[in-house]
Amino acid sequence: MAALEQYLPAAKQIISALFSLLLPFLGIGLSETGVKAPAEDTVRIMSFNVRDGEFDREEIVPQVIADYLPDSVGLQECEGTWFLTLKAYLPDYEIIGVGRLFGTPLVGESTAIMYRKDKYRLVDWGTFWLSETPHIASKGWDAKYHRTCTWAILENRETSERYAHVNTHLDNQGAEARTKGLELIKEKAASFDMPVVVTGDFNFPKGSDLYKQLVADGLTDSSAIAKAADSGCTAHGYNGTVSGDPIDFILVNDKITDVKSYNIMREKYNDRYVSDHYPIYADMVF
């Protein structure tokens with residue numbers, strides 16, 4: 001019985017994921033709401049912790065992406081159910097990523113990336129683990145959970161211009177895991193000779209020592225250079241808190257210097273918060 005129990009969470013995810021595949025055939029779709037699309041000359045990057053294990057928001061989470069129309073969005077806690085639900089609800093987007101437990105898309109949370117497939121061609125992508133063995137599914141240092149980083153190189157279909165999107169979720173308990181994992185993420189971001197955006201739930205606040213490490217040596221917080229920027233917390237636990245420091249960030253490398261705005265999306269959908277984290281997005285020019 002004990003051996004069986006260890007597989008129950010994965011089985012539950014797979015069953016829920018199979019249900020999400022049926023959504024288009026059940027006639028379930030997004031409602032018509034006011035689209036808040038970016039200006040034509042800007043690129044919109046979003047970071048969105050969708051909160052795993054809570055499938056009762058299956059319509060309002062994709063609605064946010066449909067309304068705000070990011071060019072690419074870094075997702076955190078995107079388990080198999082969310083992976084296929086978002087794919088079903090958002091046919092104009094492609095989603096890439098693998099589950100953190102075994103390196104498969106449907107089992108375990110992923111740091112998936114979604115991108116507008118009408119506008120961009122996927123050149124290359126991959127996922128590595130924040131551990132001593134980054135190329136195999138593994139838990140690193142003192143981390144409580146397996147943690148991953150997913151990256152993608154996207155090419156504009158019209159202009160052939162490329163950018164790299166790096167997306168991650170650092171551990172919530174392991175201090176060494178956050179420090180060492182951050183080193184791996186920054187090393188990967190520095191490996192691209194093109195505009196780079198880094199998104200994620202970093203599980204440390206703005207102004208902390210790790211935050212100072214994050215924004216040193218090549219990366220800049222988009223909120224710090226945006227011509228207009230929101231401020232306040234990003235993880236609110238469904239209580240709508242505004243005050244405090246963010247733990248979710250959108251970073252840019254030195255090839256991106258024109259950030260028009262940085263925004264914290266605190267809007268409710270159907271009188272509900274879309275997650276326990278506010279989605280954030282930044283509009284920029286490459």
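Reader: What makes up the aromatic cluster here?

Author: F202, F204, Y211 and F249 form it together. This is a predicted model, where local features need pLDDT of at least 70, side-chain atom pairs count only at pLDDT 80 or more, and totals for chains, interfaces and linings use all residues. Residues are numbered from 1 along each chain as its sequence is written, and side-chain values use heavy atoms, with hydrogens and water left out. Rings of Phe, Tyr and Trp (its six-membered ring) pair if their centres lie within 6.5 Å; planes under 30 degrees apart are stacked, over 60 edge-to-face, and the rest tilted. That rule gives 10 aromatic pairs.

Reader: Why is the pair of Y120 and Y163 called edge-to-face?

Author: Happy to show you! Their ring centres are 5.5 Å apart and the planes stand at 85 degrees, so the pair is edge-to-face.

Reader: And what makes W151 and F192 a tilted pair?

Author: Here the centres are 5.7 Å apart and the planes meet at 50 degrees, so this pair counts as tilted.

Reader: How do you know that W151 is buried?

Author: Buried means under 20% relative accessible area, exposed over 50%, and partly exposed in between (1.4 Å probe, protein chains only). W151 has 10% relative accessibility, so it counts as buried. With 12%, F192 is buried.

Reader: Why do you say that the charged end of K188 sits over the ring of W151?

Author: The rule asks for NZ of Lys or CZ of Arg within 6 Å of the ring centre and within 35 degrees of the ring normal. The charged end of K188 sits over the W151 ring, 4.2 Å from its centre. R266 lies over the face of Y278, at 5.5 Å from the ring centre.
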